[in-house]
Amino acid sequence: MLEPSTAFPAALSCRGLVKRYGDVVAVDGLDLEVRPGECFGLLGPNGAGKTTTIEILEGLNRPDAGEVSVLGEAWGRGRDRALRQRLGIQLQETKLNDKLSVEETVTLFRSFYARGPAPLEVIRQVSLEEKRGAWVVKLSGGQRQRLSVACALVNQPEVLFLDEPTTGLDPQSRRQLWELIAGFRRGGGTVLLTTHYMDEAEKLCDRVAIVDHGKVIALGTPAELIALLGADHVVEFAVEGEPDTARLAALPGAGQVRREAAGWLLSLRTPHVTIPALLAELERQRLPLLSLTTHHATLEDVFMSLTGRTLRDGA
Ligand SMILES: Nc1ncnc2c1ncn2[C@@H]1O[C@H](COP(=O)(O)OP(=O)(O)OP(=O)(O)O)[C@@H](O)[C@H]1O
Ligand SMILES: [Mg+2]
């Protein structure tokens, strides 16, 4: 049987991508393949190389080594202008002109492209009709973020790049952006996004690459990555004293034991079996329990188990 990647050319791909800034290796031999119609997420801590990678794919930054293909084209072969017409780009920090209105801003961006919907239609797509006459400076953070996505949608792109589209937004604004991305995908569009939010990646992305120190360290659907843990529940607990972790890991149904700032994490498959056994074991080790909570394993747990760090620790 043919691999999907050979049956359908990738929307985006890069192989052996390297980018250095002086002594810093921002991207260190990164491979990636995004399929047409897919929402693909790059996940990783600060400085992992996500923005550098996405900017190279966008044609805004040049790699030191590696191959890049975007909608079957390579950058720098005399077809950049035509290729750019097919892409929607939202940068990690978009600087919009404060003294332009929403409608003027979208109209300006629309003028950069040969084709695309009318500015008002795009404004409607991002639900900013009521604000069409408002200056950018008067918008809330969530409204400004939706405006910057509108600017990425003015040419009806085939591929939409979103670099941390929801960082710093309140939950309602985040959901509005998720809905917007879902709408773009219903029209057949491909999305490459970066995020620090695990729930966002789990909700939006068909597949996720976890990036650390400029390399992909894990790749798959959110469910596949969580299955790597071999245990889909996590108990977080704190005790007075140091537990014998080897004995905890040997409890029935227990997986990895990891230390975190506030205590310990134990992955497990069967909470109803393992939690009573854990409580009995802690009593045997004479360690008073200070707190205990459980959660379903997340991509954050996957990252921690792969690197021993949390996504928020950075490097
Ligand atoms: N223009 C630059 N000059 C020098 N170093 C840079 C430059 N851009 C990025 N870097 C370095 O390259 C590394 C990767 O940066 P990048 O912005 O790609 O990370 P990121 O994964 O997007 O991080 P974040 O989650 O904070 O946005 C970092 O160590 C960063 O300091
Ligand atoms: Mg970044």
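Good morning. The structure is a predicted model, in which local features need pLDDT of at least 70 and side-chain atom pairs count only at pLDDT 80 or more, while totals for chains, interfaces and linings use all residues. Residues are numbered from 1 along each chain as its sequence is written, chains are lettered from A and ligands numbered from 1 in the order in which they are written, and side-chain values use heavy atoms, with hydrogens and water left out.

I begin with helix H6, residues 141–153, and helix H7, residues 171–186. Helices here are DSSP runs of H or I with at least four residues, numbered from the N terminus. The axes of H6 and H7 come within 9 Å and cross at roughly 15°; axes are lines fitted to C-alpha atoms over the stretch in contact, and angles run from 0 to 180 degrees between N-to-C directions. H6 and H7 are therefore roughly parallel to each other, a term for angles under 35 degrees. On the H6 side, Gly142, Gln145, Arg146, Val149 and Leu153 meet Ser173, Gln176, Leu177, Leu180 and Phe184 of H7, where contact means heavy atoms within 4.5 Å. These residues divide into five nonpolar, four polar and one charged; Gly counts among the polar ones, and Asp, Glu, Lys and Arg count as charged.

H6 also packs with helix H4, residues 102–110. Which residues of H4 meet H6? They are Val102, Thr105, Val106 and Phe109, and their partners in H6 are Leu147, Ala150 and Cys151.

Finally, I turn to ligand 1. Of the 14 residues around ligand 1, Gly47, Lys50, Thr51, Thr52 and His196 come nearest; a residue is near if one of its heavy atoms lies within 4 Å. A polar side-chain atom of Thr52 lies 2.5 Å from an oxygen atom of the ligand. For the side chain of Asn46, an N or O atom is 2.8 Å from a ligand oxygen. Ala48 contributes a polar backbone atom, 3.1 Å from an oxygen atom of ligand 1. Thank you.

Technical notes: Helices (H or I, at least four residues) and strands (E, at least two) are DSSP runs, numbered from the N terminus. Angles under 35 degrees count as roughly parallel, over 145 as roughly antiparallel, 65 to 115 as roughly perpendicular and the rest as oblique. A polar contact is a pair of N or O atoms within 3.5 Å; within protein, one must be able to donate a hydrogen and the other to accept it, and residues adjacent in sequence count only if both atoms are side-chain atoms.
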